[in-house]
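Subject: Structure for you to look at

Hello,

Here is the structure I promised to pass on. Please open it next to this note and follow along.

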Amino acid sequence: MATIKDIAERVGVSQATVSRVLNYDRELSVNPKTRRQIFEAAEQLNYTKHNRKSTLKPKKIALVQWYDDSEELEDLFYLSISLSIEKKVNESNCDLFKTVLTSELTLPNDTEGIIALGKFTDQQVEQLKLYQLPLIFVDDDQTGNHCSSVTIDVDLSVKQVVEFAKQSGHDTIGIISGEETARFSGELLEDKRLTAFKHYARLNDYPLTFIHTCPFTVEGGYQAMDTLLKQSAEVSLPSFLFCSSDAIAIGVLKALTEHHIPVPEQISIMGFNDSSVSKYTIPSLSSVKVYTDYLGIEAVLFLLTHMTESNPVPVKLVLGTTIVERETTRGC
């Protein structure tokens, strides 16, 4: 069984430093790199003492979610991140308080840090900042509001999608992007995938003739494509269609199947997120893989660091993505 001494020897620090880091000692001054190395060594060595019942009161972390439980089931992306956060918080010997964002949000008095998951307006960000607690946003870049965040590189991801289509020989591409509004205010939120798609389509000399939007749901994708196909039997479909989420892509795939349009023979489909069901569609869905488990893990580790050390400036951690090619895409 691994000991504090084993961790100290692996990282090259004192046993006292290891002990204080694992117990989230607020008064300890140690650089984030060393802190991360200590946690990583503890996991690699299967050190479990800091996960056992302790006389120290567990830290309480609040997870403020944009989606409620029913909405998460419509798009498994946020559910996957939420589960990852729960797991990492539990492994870190902390207590988690989960709540959905409301206009009258109230957090427990003993909350010591906040993870905000989803998309938030400036007003909602200010609402969370009023608690004056360490605050991390997940999948929402709030650097402009002086808050730290863990996000994915949407711009690079979409660039790779367009280049994938180009290299596969497609001469026409299109997009069905997601539309969503902020809670309470009804403010229309930007789909950054659409913005990036337009930019890189132009750079690759693709005409922007097929651009549509729908809710980020399976039903939204289905209704959008079904309506287009019913409007005109001569609707001009692109040879490559990018969808802003797997949920949209699955709905699109269902509509195409009902209208007897073969995929990928007539049109290739690429989703986004690579949710757990993507590999089980017929045909299986090509998608941009977002590492949701790492988004959750890094958010928790990021927050724990913020809870023990003051951060004078906001920090943004950006994770990469990869394209997973399955049966809904092919070269021309």
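Two strands count as paired if DSSP finds at least two bridges between them. Keep that in mind for what follows. One more caution: this is a predicted model.

Start with strand β8, residues 240-243. On one side, β8 is joined to strand β6 (residues 173-179) by four bridges, and the two run parallel. There, G174 stands opposite L241 of β8. Three bridges join β8 to strand β9 (residues 268-273), again in parallel. Here F242 has M270 of β9 as its bridge partner.

Which residues of β8 are buried on its two faces? F240 and F242 are buried on one side, L241 and C243 on the other.

Helix α10 (residues 246-258) lies in it: β8, α10 and β9 form a right-handed β-α-β unit.

Now the whole sheet. It is open and has six strands, in the order β7-β6-β8-β9-β10-β12, with mixed pairing. The edges are β7 (211-215) and β12 (322-324), each of which pairs on one side only. Neighbouring strands are turned by 20° against each other on average, direction ignored. Between β9 and β10 there are four bridges, and these two strands run parallel. F272 has V288 in β10 as its bridge partner.

Two helices to find on this sheet:

- Helix α7 (residues 154-167) packs on the sheet and touches β6, β8, β9, β10 and β12. Its direction makes about 165° with that of β8.
- Helix α9 (residues 218-231) also packs on the sheet, touching β6, β7 and β8. Its direction makes about 140° with that of β7.

Last, look at S278. Where does S278 sit? Its place is in the loop between β9 and β10 (286-289). Is S278 buried or exposed? Its relative accessible area is 0%. Buried means under 20%, so S278 is buried. The side chain of S278 makes a polar contact with the side chain of D246, at 2.8 Å. Leaving out residues up to four places away in sequence, S278 touches D246, S284, L285 and R326.

Best wishes

Terms used: Residues are numbered from 1 along each chain as its sequence is written. This is a predicted model: local features need pLDDT of at least 70, side-chain atom pairs count only at pLDDT 80 or more; totals for chains, interfaces and linings use all residues. Side-chain values use heavy atoms; hydrogens and water are left out. Buried means under 20% relative accessible area, exposed over 50%, partly exposed in between (1.4 Å probe, protein chains only). A crossover is right-handed if, with the strands pointing away from the viewer, the path from the first strand over the helix to the second runs clockwise. A polar contact is a pair of N or O atoms within 3.5 Å; within protein, one must be able to donate a hydrogen and the other to accept it, and residues adjacent in sequence count only if both atoms are side-chain atoms. Contact means heavy atoms within 4.5 Å. Axes are lines fitted to C-alpha atoms, for helices over the stretch in contact, and angles run from 0 to 180 degrees between N-to-C directions.
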